[in-house]
Amino acid sequence: MTNVSPPISLSAADLAIGASLVLFSACLSLALSLRLHRALLWAAARMVAQLLLVGFVLRIVFELSNPWVTLLAALLMAAAASFEAGARQEHKLPAPWHYITGGSATMFATLIITVLALVTALRPHPWYNAREALPLTGIILGNVMNAVSLALNSFFTTAHRERAAIEARLALGESRYLALHNIAAHSIRTALIPTINVMSAAGLITMPGIMTGQLLAGMDPVAAAKYQILLMFLIVGGNCLGSFAAVHVAIHRLVDRRDRLRLDRLRNRLG
Amino acid sequence: MPRRRRAGLTMLLEIDALRGKPGGPFSLRLGAGDCVVISGPSGIGKSLLLRMIADLDENQGRVLLNGTSRDAMTAPQWRRQVMYVAAESGWWADHVHEHMQPIAEAKRLAPRLGLAEALLHAPVAQLSTGERQRLGLIRAIIRAPLVLLLDEPSSALDEESTLRMEALLRELTEAGMGLILVTHNEAQARRLATRRYQMCAGRLEEMSA
């Protein structure tokens, strides 16, 4: 980063202009009785509080520059991601396994991709330097969490719907991997389609968030593009690993040691 | 089909103190060429019993095939030899032939059950209930199991198709296959059974023939 112009610093007044848009939307909702204003204002307030809090916490973590503190912050993020990866599933495993399935896949993929990027391409000094490590962990974690969540949702929902077809294959003496192959492949595809869409559309239709941020912060466009390309590769790799791992763990939970389909281990979101 | 062989004094299938969701203990002996028919009221657990024998549902107990315990083999190995055919068959691919292996054997059997050979290349979605049921049976037979566990195999068939199916089953048992049949069709039970059991309240009672 050689040609960085001083980053734009936002004042409270600048943020107030932005906030007025939210207020305007809320007023509109009141006037047209869309009944959105409550949710809108609450979400906006949460967002402001969460981001400011993160800003202050990161400032402290960066200043401390202690590998253990950085690790602790990364673990907290991973725990939150594991929790969110399992939220909003139509069918899910009961409590401990629910978090283990989503969490292990998310953390496994994030750890591999983040460490790989930090020790090879990015190489900050030291490699676990919080200023690079934490935002990178966050980006990978968020994307992998999405992919894992999509893969698991698709896998459990399809397995539930296709019970007769899976059991027909098992009854004919096929292994769990053959019997569940179609469903596993479908789930991984479902998990990766959004990533592939984002890659294809990158730059033409949407400007990726990181690149936008770096351009606004004054980085050279080509340098920002290269940075974004690397991140996209990391995200694709992470999502691929994450959805593979999630489906793998899910297969082992949905089939027992005698290759029986155990849909009784699933809970409906209502039940 | 020459692959079957009679094994001296050991039974083809021995079931000892099998327990599970439908109750138990269930015990049953099946020799090569036997056809055991199980009847009983709906919902008593006849299908669940067949599924337990095929190890498709959780169960405890000893089950032997030609003297070899099923615990000594993987579950897929077991199910390739002791094969369960559900009353309503599930299909995992779009076309019938994708489920048939080996396809040549399926082509040979289809006309025996009154099905046109062309049906093997039809989309599964276009099959009638009766066609699905017969193709589901063919799909199992061509994989050459030693024991077939049939769950109401003619519930969707007319009289003529039912008799065709029975003729095929009789031919298979004469060649040494074992058959356990769950049926509500009294005439069919009398035509096929070498032994009959009544299932009630979590146990099997042998019926006098």
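The place of A:Ser65 is the loop between helix H2 (37-64) and helix H3 (67-86) of chain A, where helices (H or I, at least four residues) and strands (E, at least two) are DSSP runs numbered from the N terminus. The model is a predicted one, in which local features need pLDDT of at least 70 and side-chain atom pairs count only at pLDDT 80 or more, while totals for chains, interfaces and linings use all residues. Residues are numbered from 1 along each chain as its sequence is written, and chains are lettered from A and ligands numbered from 1 in the order in which they are written. Although A:Ser65 is not a glycine, its phi is positive, at about 45°. Most residues other than glycine have a negative phi, and most peptide bonds are trans. A:Ser65 counts as partly exposed because it has 13 C-beta neighbours inside 10 Å; a residue is buried with 20 or more other C-beta atoms within 10 Å of its own, exposed with 12 or fewer, and partly exposed in between, the C-beta atoms being placed from the backbone.

Helix H1 (residues 12-31) of chain A has 20 residues and reaches 28 Å from its first C-alpha to its last, close to the 28 Å expected at 1.5 Å a residue; the expected span is 1.5 Å times one less than the number of residues. H1(A) is hardly covered, the count of buried residues among its 20 residues being 0.

Between the chains, 15 residues of chain A are in contact with 20 residues of chain B, contact being defined as C-beta atoms, placed from the backbone, within 7 Å. Helix H6 (residues 163-171) of chain A gives the most to the side of chain A that touches chain B, with 7 residues.

Chain B contains an open sheet of 6 strands in the order S6-S7-S8-S3-S9-S10, with mixed pairing; two strands pair if DSSP finds at least two bridges between them. Strand S6 (82-85) and strand S10 (203-207) of chain B stand at the edges with a single partner strand each, so one side of each is left without a neighbour in the sheet.

Strand S8 (residues 178-182) of chain B is mostly covered, with 5 of its 5 residues buried. B:Gly178, B:Ile180 and B:Val182 point one way from S8(B), and B:Leu179 and B:Leu181 the other way. S8(B) pairs in the parallel sense with strand S3 (residues 35-39) of chain B over 4 bridges, and 5 bridges join S8(B) to strand S7 (residues 147-151) of chain B, also in parallel. B:Ile180 is the bridge partner of B:Val36 and stands opposite B:Leu149.

Helix H4 (residues 129-141) of chain B has 13 residues that should span 18 Å at 1.5 Å a residue, and its end C-alpha atoms are 19 Å apart, which agrees. H4(B) is mostly covered, since 10 of its 13 residues are buried. These buried residues pack against S6, helix H3 (103-109), S7 and H5 of chain B.

Two cis peptide bonds are noted in chain B. The bond from B:Gly24 to B:Pro25 has omega near 5°, and B:Pro25 lies in strand S2 (residues 23-30) of chain B. The bond that joins B:Gln101 and B:Pro102 has omega of about 5°, with B:Pro102 in the loop between S6 and H3 of chain B.

Conventions. Contact = placed C-beta atoms within 7 Å.
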